[in-house]
Amino acid sequence: MLLYTTARAPNPRRVLMFLAEKGIHDIALKEVDINAQEHKSEAFRAKSPLAKVPALELDDGRVLTETRAICTYLEGLHPEPNLMGRDFEERAFIEMADRRAEWYLLANIANCVRHTHPGLAPLEQPQFPDFGHAQARKVREVAGWFDEVLARQPWVAGERFTIADITAFCAIEFAKLMKFKPADEGFAALQAWRDRVAERPGVRHCK
């Protein structure tokens, strides 16, 4: 299999971190230079029609896109260590936590960064700075909610590390581009959780 990735982007990083946590090392990686618009090339669009990374090309030539779908496939191939739930009930609650991290934290961070950071201008035309700043306010509201959750439980989805922690961690790391640091916002539990995740081998492997 071949994984098309962009190391510094949050969604490809989610898959790379998932691979590292699983101990999967036999998937080849191909870097896609999004700053050079390689993701919009005809050759890449033949694999990922919406010009998005990551994309996982299977041995039979089919291509999976969308981060969650790629991780679901990998979880099926490599069930241990389990990161997405051992039964339907746990899977549902982990997916809920992961979706919250993806749609209410990561998506808002991405909107803020893409519309306010000058380095992202080539990828987001036109930029709408007012929209980006409004998204930054939403990020802080949602981060405050996650801080409350993590003051009650050790991990985003409950008592153990899961894919939801991967998504939330990649979101918080990407938020550095909007100069967001949990500790500076008074979110002590969120900062402590982030620092614990940062010490995991899966994170160090992706740096």
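Predicted model: local features only at pLDDT ≥ 70, side-chain atom pairs only at ≥ 80, totals over all residues.
Start with the loop between α6 and α7, which is where Lys179 lies. Lys179 isn't a glycine, yet its phi is positive, at about 60°. Because its relative accessibility is 74%, Lys179 counts as exposed. With 27% relative accessibility, Gln37 counts as partly exposed. For background, most residues other than glycine have a negative phi, and most peptide bonds are trans.

One joins Val53 and Pro54, and Pro54 sits in the loop between α2 (42-45) and β3. Another runs from Glu80 to Pro81, with Pro81 in the loop between α3 and α4. Here are the backbone angles together:

| Site | Angle | Value |
|---|---|---|
| Lys179 | phi | about 60° |
| Val53–Pro54 | omega | about 10° |
| Glu80–Pro81 | omega | near -10° |

Now for the inside. The largest nonpolar core has 60 residues, and Leu74, Ile109, Met178 and Trp193 touch the most other members. Elements that each supply at least two residues of this core include β1 (2-5), β3 (55-57), α4 (88-116), α5 (129-152) and α7 (188-198). In general, nonpolar side chains tend to be buried together in soluble globular proteins.

Trp193 is worth a click. Setting aside neighbours within four places in sequence, Trp193 is in contact with Leu150, Pro154, Trp155, Val156, Asp165, Ala168, Phe169 and Ile172.

And α6 itself? Twelve of its twelve residues are buried, so α6 is largely enclosed by the rest of the structure. From first C-alpha to last, α6 reaches 17 Å, close to the expected 16 Å.

Finally, the largest pocket has a volume of about 1400 Å³. Its lining takes in 42 residues, with Ala9, Pro10, Asn11, Pro12 and Arg114 nearest the centre. The elements giving two or more residues to that lining are α1, α3, α4 and α6, and α4 has the largest share, with seven residues. By type, the lining divides into 20 nonpolar, eight polar and 14 charged residues.

Definitions and conventions:
Residues numbered from 1 in each chain as written. Heavy atoms only, no water. Core = buried A, V, L, I, M, F, W, Y, C linked by side-chain atoms within 4.5 Å. Buried < 20%, exposed > 50% of the residue type's maximum accessible area, 1.4 Å probe, protein only. Helix = DSSP H or I, 4+ residues; strand = E, 2+ residues; numbered from the N terminus. Contact = heavy atoms within 4.5 Å. Expected span 1.5 Å × (residues − 1). 1 Å grid on protein atoms, 1.4 Å probe; cavity = no way out; pocket = protein on both sides within 12 Å on 5 of 7 lines; lining within 4 Å. Points joined across faces, edges and corners; volume = space filled by probe spheres on them. Nonpolar A, V, L, I, M, F, W, Y, C, P; charged D, E, K, R; others polar.
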